[in-house]
Each structure stands twice: as C-alpha cells, then as structure tokens.
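Here's a quick briefing for anyone meeting this structure for the first time. Take a look at the sequence and the model, then read on for the spaces inside, the domains and the rings.

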Amino acid sequence: MNQETIIKINNLTKRFPVGEGEFTALKNINLEFFKGEFSGLVGPSGSGKTTLLNIIGSLDSPTEGEAIVLGKQISKLSHKESALLRNKHIGFIFQVYNLLPVYTVFENVEFALLLQNIPSEKRKKMVNDALEWVGLSSMANKKPDKLSGGEGQRVAIARAMVKNPEIIIADEPSANLDAANAHAILKTMKQMNKELGTTFIFSTHDEKVMGYLDRIIHLRDGMVEEDEIINVNHAP
Amino acid sequence: MKLAFQLAYKNLIGAGLRTWLNVGVLALSFIIIIFFRGFLEGWNHQAIRDNIEWELGAGHLVHNGYDPYDPFSILDGHGRLTQEQQVDLFPVLVRQASLYPEGRMLSVALKGIDGQQNLLELPTASFTSSNTKIPAIIGKNMATSIDIKEGDEILLRWRDKGGTFDAANVTIVKIFSTNVITVDKGQVWIPIQKLWEMTGLENHASYYVANENYTPSSLEGWNYKTKDDLLSDFYKLMEMEKISTSFMYLLLLAIALLAIFDTQVLSVFRRQKEIGTYIALGMTRSQVVGLFTVEGTMYSLFAMIVGCIFGLPLFWYLHTSGISFPDFYQDMGVSFPTRLFPSFGIQLILTTILLVVVSAAVVSYLPARKIAKMNPVLALKGKMQ
C-alpha cells in the first residue's frame, strides 16, 4: 500500500545526564509512522516509551540521530517553531489528564484554539462539536475537580482533537481509569481515528489498550524489540 | 498579549482567596500611598495659597538691612521709596515692641500696615472703622496665648526714633483667624500711619508688599524677592516631608510587592505541571513567562479597582470635608491649617498607579524568568527543577 509517512525516526539515541554519568533511554531507534495509524509503544517502565513520545511531540529532542515529524526535523526547531508544531498539528493526552484546574471543561477544550487566534464564534462551534463527540456537552461549565476520571480523560481527548491535529500522542491514557471507562475512551479515540483519519500513537502497557491497536511497537531497554502489525490496512 | 490577559484573569479569579489577599494588601498600599501624597499635596497647595493671601502677595521688596529672621536687623533695616517707586506696592514697617498682658512682658513684632490695603487677607479695614487711639489687630493664636479678646486694651512699649522707650495702650479691634503662623504669633498689626507717628519714621518701610502688576526694577538699597523666593524654605520643608513619607510608603509598597513575589515564586514551583501543559498545548516558553508576569501585574490592576471602590469615596470625603488638626500643629513654625483639605489630583493618582503597576510587573517577571529555563518534560511530570 502506498501510505504517507508522517513521522520518520532515524538512528535516534537519547541520553540523559544522571549524576556524573549518563543514562541511555533510547538506543539507535529507526521507525516510521504512517498517516492514520492507530499504533502504540509498548514496554515495561524505563523502556523509553514516554521519551520517544516526548521527542515525537517536540517536547524533547534527540541526543543523536533525527526525528522528522510532518517534515520538520525536531532537533532543528526553535522553541517557537516547536510550539507552533504542537499547537497546530499535535494533540496530547496525558495519563493524569493535565486539565487546567481553574478553567471549565469548555475553557479547557477552547484553550488550544485561543492560541490559534480562531474567531470566537468559530471557536465556540468547534468546542461544542468536540464536546459532543466525547459526550460531554452537558458538562461544559463544570470545573475539572467535579469530573470523574473517565470524564476528565474525555475532556482531555476533546482538547486534543478540537484543533483537528494530524497526530495525537496519548501517554498511558487508561492508566488511571477503570475497565469500563478505559474501553469507553478507547472506543472514542478509535472512532476518531477512523472518521477523521487522525494518527494516534500510544504509550502503554495496558492490555485493554493493546487490544485496540493496529500496530504495536515493543520497546525494551531503549531499543525496538518487535514491530508487530495487527491490522494490515496500516502495514508499512 | 490579549490572550495573556484573558488567561491571567481566569487564573487569578480561579485562584480565589489567595488572589484576594494579595489584592487586598496591595489595594491598602495604594490607598495609603495616595492618601499621604494627597495629604502633602493638599498641605502644599493650601499653605502656599494662605501664605500668598495673608503675607506674601506677589512678592516683597525688602530693605537690604532688614532680615526677618534677625531681630537685630529690625532697628536699622528700613528705608523709604518715592511715590513713583511705590506703584503697585504698599509698605510694611516692622519695629520691636513689648506687650504687657496681665503684667507679663511679651516681646512682639509691631507691624505697621496701611488700613486701605486689600491685597492681603489681614482685616486691616478694622483700623478705619475704629476710632480708638491705637487700633490693633492680632491673630487668634496670639490672642489665645495672652488671653485677650476683641475690645480689650493692652499696654504696648516701643522705642521711638531717638531710641527712647515710649508706651501707650493699644485696643484690639479685631482678632483674625489664619493658618499662616508668621502673621499671627508674636505679631501686632497697627495702622502704618500711626506707627510712623509713634516712631518718627515717616514714610519708612522695612519691606513693601507687591501686587501682581508690580514690575521689579533695580532699586539701590532694596532687594525684590518673588513669592517663590519667599517660599523657598517652605518648599525645602515640603521636599524633606516628601522624602520622609516616601520611605514610609516605599516600605508599604515593598510589603505588598513581597506578597506578590512570594506568590509568584510559589506559583512557578507549584504549577509546574500546568506550565508543562501550557507548553504541550502549544504555548512558547516566553508566552508562559508573559502569562505569569501578566498574572502578577494583574494583582496591581485588581488592587487599583478595589482601591478605587474603597478609596474614591474616602478621598472625595476627605477632599471636600478636610481633616481637622489641633491648634498645636501650628507650633511647627510653618503654615499648617486647622483643617487640611488633601488634594488628589489626576497626576498624583496616575503616577502612583504607574509606580505600583510597574513595580508589580517587575517583581512578577523576576520569578517567572525561571520558566524559560524549564524542561517541559519534567514540568509535565511536576518534578522540581
């Protein structure tokens, strides 16, 4: 199949200073992600999943090698350029939701659009559409501390999808959820992937999440152990 | 910038009590600073106006030998001008004398002034409406200190032209109330024509008071001092007062700013996860620094609004009703009104607002700079950096 490469990782190594030495989190990673993939990085703690996601999300940069996201080489981006990349093209879903506590559900979802200077009326419509998508229209005026874990994560999904990004990075999105809520949010994300063609990259060691993935990349000790294609529609 | 204001506003309102405590302290500082500055401004304006109206006129043409601060200069510090030279001027002759209230001796400055003058507020018209031999007017402070009232007679002793002591009773025809202590305490005002007659110094004056039309010209033996020259000591005093009160309100401001600084430092540490989220959602680090700086600055804007709510009615009341002070404040030796009307001008309020807002912006920016060096990955995890 002729698929569009959206992320390309070449010989990527990431080292962190630890005391007087260094810790190598990722070793010589070579990967490609394609538009519309529903893929996941799977592995035990310390395997380098989150580090790789952070580099793809331009929150961090490689020590060696390169990560090219949407045609942009992450290590060469300025702070402003990487902020722009995140703002326009990448959505994040975090394990602990990271909702802004003083904002309402509506305002949390609206935040990314405010940064894009989208006019008020259009912004309102986009937020309402996103909330409707995740089934939280009735909770638009609630503050995050009034939401359950599942609802909080759905707000985070709405916040990530409202700007219609090419890539959504989800770091352990189901870790704090019970099984029912985990399945609910995964179904939402899967639906979004199918209907909007958004590329999802997960970091997880949750079996429930793995059940939904089209591609599972097994990481161990900072290296790709296995790149497992489950749904051939998204095969490289 | 608009976005930073929108977000900062939401963050501050969302922070609840912590915000309002900071705003309260800062608003109190605002009010106290403006009050003290208004108090000094009011005192300044009132004292200058009173001095001009009661003593200075547009200026004094002073005999070179006369120094109002040197009693020994009074004896010979006088002279006379021709009628042509006296245009837009009226004479005041100063002599040393003694009063004998209730048998005590009190040294006074005996001042002769024309009863026809209407430049100064001194009620000299009372001279002409009285048919007593030597009518005199004195200030309320003077009258109180020697326990005398209108209509009373009191023995006055003075030296005539030959240096010989002479004495007569003067009748107090008017007791006036003024804030200008230098025309009140230790001063006895009588008609200048009578003083010329008593001293034999016909047409002499220690100084002439000028009106606004007077054009100074070089006159030998005389020195013209404008009202600003004559008020220079008062101006110096006001400067000193401003400096000393500045210390006080800078201290107040420092306490309020310390509260903001403290909140900002805490915010940068406690809200690391939030900072990381802002960055992950697409804000640049400098935008986040800007947001935190605007947040801190906004305390001062909120304080301004809260300060207006409480301060404006208070300032309006003080400006219209004034603040009363006991008479002993006049013992300071400068014009100090028994009722002072603080003056809260637009310039005063705007400069105070500017001072507080700029200071708040600076103390907000200093801790926020740390954000620019934060690792967003660690920030997202809420790890201390």
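The largest cavity has a volume of about 40 Å³. A cavity is a set of points on a 1 Å grid over the protein atoms alone where a 1.4 Å probe fits but cannot get out; points are joined across faces, edges and corners, and the volume is the space filled by probe spheres set on them. This is a predicted model, where local features need pLDDT of at least 70, side-chain atom pairs count only at pLDDT 80 or more, and totals for chains, interfaces and linings use all residues. Residues are numbered from 1 along each chain as its sequence is written, chains are lettered from A and ligands numbered from 1 in the order in which they are written, and side-chain values use heavy atoms, with hydrogens and water left out.

**The cavity**
- Searching the whole structure turns up 1 cavity of 30 Å³ or more.
- Its lining residues (those with an atom within 4 Å of a point) include N11(B), R18(B), Q264(B), E295(B) and Y299(B).
- Two or more lining residues come from each of α1 (2-15), α7 and α9 (285-321) of chain B; helices are DSSP runs of H or I with at least four residues, strands are E runs of at least two, and both are numbered from the N terminus.
- By type, the cavity lining splits into 3 nonpolar, 4 polar and 3 charged residues. Ala, Val, Leu, Ile, Met, Phe, Trp, Tyr, Cys and Pro count as nonpolar, Asp, Glu, Lys and Arg as charged, and the others, Gly among them, as polar.

**The largest pocket**
- The largest pocket holds about 1000 Å³ of space; a pocket is an open set of points with protein on both sides within 12 Å along at least five of seven lines.
- Of its 34 lining residues, E55(B), P68(B), Y69(B), K111(B) and T182(B) are the closest to the centre.
- β3(B) gives the most to this lining, with 4 residues.
- The lining of the largest pocket has 16 nonpolar, 10 polar and 8 charged residues.
- Domain 1 (2-52 + 233-380) and domain 2 (59-213) of chain B each supply at least three residues of that lining; the domain bounds come from an automatic or database domain assignment.
- The C-alpha centres of these two domains of chain B lie 51 Å apart.

**The second largest pocket**
- About 750 Å³ of space lies in the second largest pocket.
- It has 32 lining residues, and T50(A), N54(A), D171(A), V377(B) and K381(B) lie nearest its centre.
- α1(A) gives the most here, with 5 residues.
- Its lining divides into 14 nonpolar, 11 polar and 7 charged residues.

**Aromatic rings**
- Over all chains there are 17 aromatic pairs, meaning rings of Phe, Tyr and Trp (its six-membered ring) with centres within 6.5 Å; planes under 30 degrees apart count as stacked, over 60 as edge-to-face and the rest as tilted.
- F38(A) and F202(A) have ring centres 5.0 Å apart and planes at 65 degrees, so this pair is edge-to-face.
- F38(A) sits in strand β3 (residues 38-42) of chain A and F202(A) in strand β8 (residues 199-204) of chain A, so the pair ties together parts 164 residues apart in sequence.
- F200(A) and F202(A) are stacked, at 5.9 Å centre to centre with 20 degrees between the planes.
- Both F200(A) and F202(A) are buried, which means under 20% relative accessible area, with exposed being over 50% and partly exposed in between (1.4 Å probe, protein chains only).
- F35(B), F36(B), F39(B) and F325(B) form one aromatic cluster.
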